[in-house]
Amino acid sequence: MVPDRKSLRFATFNMAMSADNPGEIFTELKLAKHRRYSHIAAIIQHIQPDILLLCEFDHLGHGGDDGMLAYFQKEYLEKPQCGQAAIHFPYTYLPSTNTGLPVVEGEDVSASPERAHGFGRHHGHYGFVVLSKYPLDTENSRSWQTLLWQDYPGSRMPVSYFEQKGLAPIRLSSKNHIALPVIVNNQRIHLVACHPTPPVFDGPERRNLRRNADELQLLHDIVSNASFLIDDNGAKGGIDEREPFVIMGDLNADPANGDGDKAQVRALLSDPILQDVQPQSEGAAKALFNSRSRGKSRATHDRGLRLDYVLPSHHLKPIASGVFWPKVDDALASFIYNEKGKAVSGCSSDHRLVYVDVILQESSQKQACENESQRT
């Protein structure tokens, strides 16, 4: 049984539930009423999303649950936390990830995570997962995980840097780029998700800045149906321009602040194929009052950066949006603030949950039905 609603709430949350050692977070979860994870669950329960992307959630690197997600759902999300109502997601998807997967087969990357296709000390480190109240068409999901960076058209890869380290065949996507159909009342919406590498911790070669920019370009190419794309199963192109989608993820890119390629993320956000409704919060504006960051009310990270996004396609009609960042005197402030009134990751996460509510436009509903009838 799925909810029969006219509107849908899409949300993304980098919950920082990753650790250097596999199984470490799972062990912590099993501690009775772990405070930080209770706060994370309470935030999700307060927002009550229909489709949720969780970034930085360790799981099996080849895809699938080692038990941690099921446990987090049963013992945290499905039990009231901090006065919030329980929430149940009957459908989940844990895609494979490049994090912690060695470029050189068989190499131990635990001490040198930069030698993995995606920075990680074990395969599955910093992965992302999808939770949904609506069915997920995993059989028709698509991914662009194995695309080599040097083979990407217009690649900005500093090839000589990686060649010197024996890492030339590194993949472009630092985690994965996926397009996952969500079935809502017999209609299909593509969840397009990724978590590009942060454009920092660089040397003069600027490998991370360049990779973040190219990962954003790949995301842009997927939703604009670039003809040269070939997914991991050999299918050409990206998302059909007639079908609705929602981009979600920690893109590690702020259009006005930070160290990334601002032009690259601006190009994505300004494309009329999608809608940037710019979710905001009063709490961010208050907390970052003395910050030099521009657009403080749109920040999704402790450092005053807008990094986390929910971007619906033009087929969908946004009707509400927000960032969960309560003011320090708010009743929910303890979910992110410590006793001294400072937002710290020890309370929940250094990122904030972002959500957008949408409804299907009439024309896209009709087109989705026509597309479905053609497939059958």
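1. An open sheet of five strands runs in the order β5-β6-β7-β8-β9, with mixed pairing; strands pair if DSSP finds at least two bridges between them. Because β5 (142-143) and β9 (308-312) stand at the edges with a single partner strand each, one side of each is left without a neighbour in the sheet. Strands (E, at least two residues) and helices (H or I, at least four) are DSSP runs, numbered from the N terminus.

2. This is a predicted model, in which local features need pLDDT of at least 70 and side-chain atom pairs count only at pLDDT 80 or more, while totals for chains, interfaces and linings use all residues. Residues are numbered from 1 along each chain as its sequence is written, and side-chain values use heavy atoms, with hydrogens and water left out.

3. Within the sheet, β6 (residues 178-184) and β7 (residues 187-193) pair in the antiparallel sense over seven bridges. A179 stands opposite V192 in β7.

4. Helix α3 (residues 68-77) has M68, L69, F72, Q73, Y76 and L77 buried, that is, under 20% relative accessible area with a 1.4 Å probe, protein chains only. These buried residues fall within an arc of 140 degrees seen down the axis of α3, so they line one face of the helix; the arc is that of the directions from the helix axis to the C-beta atoms. An α-helix has 3.6 residues a turn, so residues three or four places apart point the same way. The buried residues of α3 pack against β1 (8-17), α1 (24-29), α2 (35-47), β2 (51-57), β3 (91-93) and β4 (128-132).

5. The largest pocket has a volume of about 800 Å³. On a 1 Å grid over the protein atoms alone, a pocket is an open set of points where a 1.4 Å probe fits, with protein on both sides within 12 Å along at least five of seven lines, and lining residues have an atom within 4 Å of a point. The volume is the space filled by probe spheres set on the points, which are joined across faces, edges and corners.

6. Of the 39 residues lining the largest pocket, T197, P198, V200, F201 and N252 lie nearest its centre. β1, α4 (159-164) and α5 (207-223) each supply at least two lining residues, and α5 gives the most, with three.

7. P113 is placed in the loop between β3 and β4 and counts as buried because its relative accessibility is 2%. Beyond its neighbours within four places in sequence, P113 is in contact (heavy atoms within 4.5 Å) with G118, F119, G120 and R121.

Terms used. Buried < 20%, exposed > 50% of the residue type's maximum accessible area, 1.4 Å probe, protein only.
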